[in-house]
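User: I have a structure open and would like to go through a few of its features. Could we start with one of the helices?

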Amino acid sequence: MLKYLGYFGVGIFIGILAALFGLGGGFLIVPTLNLLGVEIHHAIGTSSAAVVFTSLSSAIAYHRQRRIHYKAGLLLASTAVIGAYIGAWMTSFISASQLKVIFGAVLFLVAIRLYRKKSKEPHEVDLSQIKLDYKVVPLGGFVAGIASGLLGIGGGAINVPFLTYMGLPIHYAVATSSFAIVFTATSGALKHYMLGNVEVEWLLLLVPGLIVGAQLGARIAKRTKASNLTKAFAVVMAFLAIRMILKGLGYPIP
């Protein structure tokens, strides 16, 4: 009984961070499963399936808060799905380790810039008045998809800073990223399921906590000041960047 409560607690923790930063949660689910003894390919596949539930729970919570920019989210998802397949295909021809070092360094620099960025509070923003360049948004989704397929990182690490750069405040960028990840994660999960990489038993253990945690994370985000949320996201992204660089250099980082 204690073991199941422990898995539920782990799921809640990961779900909170996933919803809070719009990252899906794969960056924590994969190493957690791997440390618990799940083979890395199965850990990635099970994580892909788990992220579907995490991002869906997050998206439902953010929908209630009216913070999802649906047009931007759908445009991101439409090209990210294609990019993910191309990224996976590119792994046969390009050294992912070298790209991880380069990409990690770029992400780290973006994290520093984002940390210094000033963000508007949700009450200062009218979502209907925000104008994005819809010709450029799909490009961001495509890049996020390629990075996801090629480097094994979640699309949120690119979606959120990209959307804030385009002019979307951090709260809306996180919410929109969560919505977009529902589609990209579903695509990846179906592919992994067909390959036999999804451990259904582990999925059933983690998903209840992930769903509850995502709801809590969205509530925490709602009560968090934009400046604090931006800085916290930048710190998490810097952590992901350093982890990516170390993995690219050959260190045994889960």
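Analyst: Let us take helix H7, residues 156-165, in this predicted model. Of its 10 residues, 9 are buried, so the helix is largely enclosed by the rest of the structure.

User: Which residues of H7 are the buried ones?

Analyst: They are Gly156, Ala157, Ile158, Asn159, Val160, Pro161, Phe162, Leu163 and Thr164.

User: And which glycine follows H7?

Analyst: Glycine 167 follows H7, and its phi is positive, near 115 degrees.

User: Moving on to charge: which residues gather in the patch of positive charge on the surface?

Analyst: The patch brings together Arg64, Arg219, Lys222 and Arg223. Helix H9, which spans residues 200-223, supplies the largest share of the patch, with 3 residues.

User: Where does arginine 219 lie?

Analyst: Arginine 219 lies in helix H9.

User: Why does arginine 219 count as exposed?

Analyst: Its relative accessibility is 54%, and exposed means over 50%. Arginine 219 therefore counts as exposed.

User: New topic: what is the phi of arginine 66?

Analyst: Phi of arginine 66 is near 60 degrees, which is a positive value in a residue other than glycine.

User: Where in the chain is arginine 66?

Analyst: Arginine 66 is in the loop between helix H3, residues 40-64, and helix H4, residues 70-90.

User: Is arginine 66 buried or exposed?

Analyst: Arginine 66 counts as exposed, because its relative accessibility is 72%.

Key:
Residues numbered from 1 in each chain as written. Predicted model: local features only at pLDDT ≥ 70, side-chain atom pairs only at ≥ 80, totals over all residues. Heavy atoms only, no water. Buried < 20%, exposed > 50% of the residue type's maximum accessible area, 1.4 Å probe, protein only. Helix = DSSP H or I, 4+ residues; strand = E, 2+ residues; numbered from the N terminus. Patch = residues over 30% accessible without salt bridge, like charges linked within 9 Å, V, L, I, M, F, W, Y side chains within 5 Å. Areas by Shrake-Rupley, 256 points an atom, 1.4 Å probe, with all protein chains shown as cover. Salt bridge = Lys/Arg side-chain N within 4 Å of Asp/Glu carboxyl O. Lys, Arg positive; Asp, Glu negative; His and termini not counted. Charge placed at Lys NZ, Arg CZ, Asp CG, Glu CD.
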